[in-house]
Amino acid sequence: MRKAFWASLFAAAFLLPGKASAQPANTMAAVSGADRIVAAREALRKGDRARLEALAAVREPHVLDIYPRYWLLVNLLARSEPPPARALRDFIDAEDGSHLAERLRADWLRRMARDGDWTGFVALFPELQNPDAELRCSAWTARLLTGDASALAEVAAQWDALQSAPASCDMPLSAAVERGSVSEDRVWWRIRRQIDTRSPNDALASLALLPPEMAPARADLDQAIRSPGPWLDRLPANFAVSRAGRELALAALVRLTREDWPAAQLRLLRIQDRLSAEERNYANLVMAMHAAIGRRPEAMALYAAAGSIDTTPMQRAWRVRAALRAQDWRAVRSAIEALPAEERDSPDWLYWLGRAHAASGNRDEAESLYLRIAGEPHFYGMLAAEEFGQLFMPPPSTAPLPRAKLDEAERDPSLRRALALYQLDMRTEALREWVWGVRNRDEQFRLAAAHLALRHELYDRAINTAELANPRSNFELRFLTPYRDLIEPQVRAQGLDLGWVYGLMRQESRFVIPARSSAGAQGLMQVMPDTGKWVANRIGLSNYHPRLLTDPNTNVLLGTSYMRLIMEGLDDHPVLASAGYNAGPGRARRWRDAQPLEGAIYAETIPFDETRDYVKKVLANAVVYASMLEGQPQSLKARLGTIAPGAASE
């Protein structure tokens, strides 16, 4: 098989236009081992096909030998006319079961879609184990263009999930509308929901799905989205005679609601009589959700005014949160019981429904709900257990693994490649190999893989893999305390709680020193460069430079100092400080209520999805860490406490 692979590969390579290889394979023998892998990756980056061919042709045993060959095929796919089908097929067959065979299938499918080879696409696609959204949509296109109309039903079933879809979805989406599988009304709902997002321009593309005679001009929708206030103020008297005119008004109302809630409410009052009942209900629904997000007291009345109109999961969740913020337990119960079963049975809503029943005196029903999640090692499982007076106990140690299982993980090809790639600082490729290696594996194998990661100080892989193995156990792997000799002195110097600091760091970086977020936060404590500069000035650290954020000592010094400064400015409250560390102390301060507020309700009603999830996880992490570090039972409720009222000016 390998012989056939190389024969087909170089046959394909020599058919390519461009300069021939200036370096025959035998001249590359001196570039061996890890150096050859690094050189091949650099050749791919530079598009140096001649060097890549020579490096791929070197025959030597190496755990990463598959990579230069894969990279050469990627290069051929990008340039070859036609693509080297025989070489691609031989590689996939020879390396079947590997991560790179799966990736090459995906690469080849994308090339087939680009070339319009839909018959080939239909034949290859079933081999792909985990297609992304782009390839799933291309598969629908391929099936439709090869006569399989059953794809239309699948597109219709996934319609609501395809709000932000790649370009490959355009054809199947259009076909579903044109052939009647999706109604015009569902297209309008798609547009409405796209407008109420951070990417409203998606709605402009969706206009093409409407019949031309029914769609507003693209320029008009663009203007309504970009300048909603002026658009509404200049509405013609007859705007309501067509659905397109009314939908443009709704689009402007939605965008204005996101920018200036009171101004949107005023303009809705001016035009609501010219909208249909359904359109008024929709406007009230959107305003209700944003009122809830903005902690406005009008939210509950607006939800009631919206009636029984169709809602999204986000709109339903914020109805519950509005009731929680108002501490209206009857409304909390009503809103949760109205949720679809798959949403109602999530731990957060089970807990809050139990609280609502308890508030009305129905203790038996409350306890039956708490029992469904009590003892689970997450935020709401801990809270539910405390309703029975059960604190979080120091978790027991996990039983040792059989030596055979540890050996199996050490021999696994994907994990061996991942470790080698980490050694070469090819972290993206390493992560992909690791994830592939532990997919669809049993609990003991994953736990063995976590131990393997720990031995190599890959703390993020150890934590995540142990979590994947069993999120209710393996605490000594899931809640690691690396760099303690570096972290604990700084924590003590700042007067902070070690469990909370570790809980925050676990959430921030999983203890990866070179971790860097898309926003630019760096290091173990994910300090932003400007934040680092501000903290350095406050603590008198001279010669600060953003490069210092990659130094663990400086990063921990700045991060723990920032935690202390935030605590001092936020009532020494860990809930507020955790929210402030993620979203900024000013926001954490503004999210308080005019009345004292239970810490758990504050956390559940944080308006940013990321920060809301972050705060819950940091506080739950802190409870687990404190129990392990102190060897004593811990209370999450005690950490959450009560949030003091905020000032009216906030």
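## Basis of the report

The structure is a predicted model, in which local features need pLDDT of at least 70, side-chain atom pairs count only at pLDDT 80 or more, and totals for chains, interfaces and linings use all residues. Residues are numbered from 1 along each chain as its sequence is written, and side-chain values use heavy atoms, with hydrogens and water left out.

## Overall architecture

The secondary structure of the protein chain consists of 39 helices and two strands. Helices (H or I, at least four residues) and strands (E, at least two) are DSSP runs, numbered from the N terminus. Along its principal axes, the C-alpha trace spans about 80 × 70 × 55 Å.

Of the 650 residues, 53% count as buried. Buried means under 20% relative accessible area, exposed over 50%, and partly exposed in between (1.4 Å probe, protein chains only). The protein chain exposes about 28,900 Å², of which carbon and sulfur atoms supply 50%; accessible areas come from the Shrake-Rupley method with a 1.4 Å probe, and for residues only the protein chains shown count as cover. Among contacts (heavy atoms within 4.5 Å) with a separation of 6 or more, 61% are between residues 24 or more positions apart.

## Charge and salt bridges

The protein chain carries 82 positive and 81 negative side chains, and the centres of the two sets lie 3 Å apart. Lys and Arg count as positive and Asp and Glu as negative, while His and the chain ends are not counted. The place of a charge is taken as NZ of Lys, CZ of Arg, CG of Asp or CD of Glu. Side chains of opposite charge can pair when their charged atoms come close. A salt bridge is a side-chain nitrogen of Lys or Arg within 4 Å of a carboxyl oxygen of Asp or Glu, and by this rule the count is 61. One network of salt bridges links Arg89, Asp93, Asp96, Glu102, Arg105 and Glu127.

Arginine 110 and aspartate 132 form a salt bridge whose closest N and O atoms are 2.4 Å apart. Arginine 110 belongs to helix α6 (residues 99-115) and aspartate 132 to the loop between α7 (118-124) and α8 (133-145), so this pair ties together parts 22 residues apart in sequence. Arginine 110 is partly exposed, at 27% relative accessible area, as is aspartate 132, at 32%. In the salt bridge between glutamate 604 and arginine 321, the closest N and O atoms are 2.7 Å apart. Because glutamate 604 lies in helix α37 (residues 599-604) and arginine 321 in helix α19 (residues 313-325), the pair ties together parts that are 283 residues apart in sequence. Glutamate 604 is buried, with a relative accessible area of 0%, and arginine 321 is buried at 8%.

## Helix α31 and its surroundings

Helix α31 (residues 484-494) has as its buried residues Leu486, Ile487, Glu488, Gln490, Val491 and Gln494. These buried residues pack against α32 (498-508) and α34 (552-569). Leucine 486 has a relative accessible area of 15%. Apart from neighbours within four places in sequence, leucine 486 contacts Pro552, Asn553 and Val556.

Asparagine 621 is located in helix α38 (residues 609-630) and is buried, at 5% relative accessibility. Neighbours within four places in sequence aside, asparagine 621 is in contact with Phe479, Gly503, Arg506 and Gln507.

## Backbone features

Most residues other than glycine have a negative phi, and most peptide bonds are trans. The peptide bond from glutamate 81 to proline 82 is cis, with omega near -10°; proline 82 is placed in the loop between α4 (66-79) and α5 (85-94).

Asparagine 474 has a positive phi, near 60°, and is found in the loop between α29 (459-469) and α30 (475-478). Asparagine 474 is also buried, with a relative accessible area of 1%. Arginine 510 likewise has a positive phi, near 55°, and lies in the loop between α32 and α33 (529-539).
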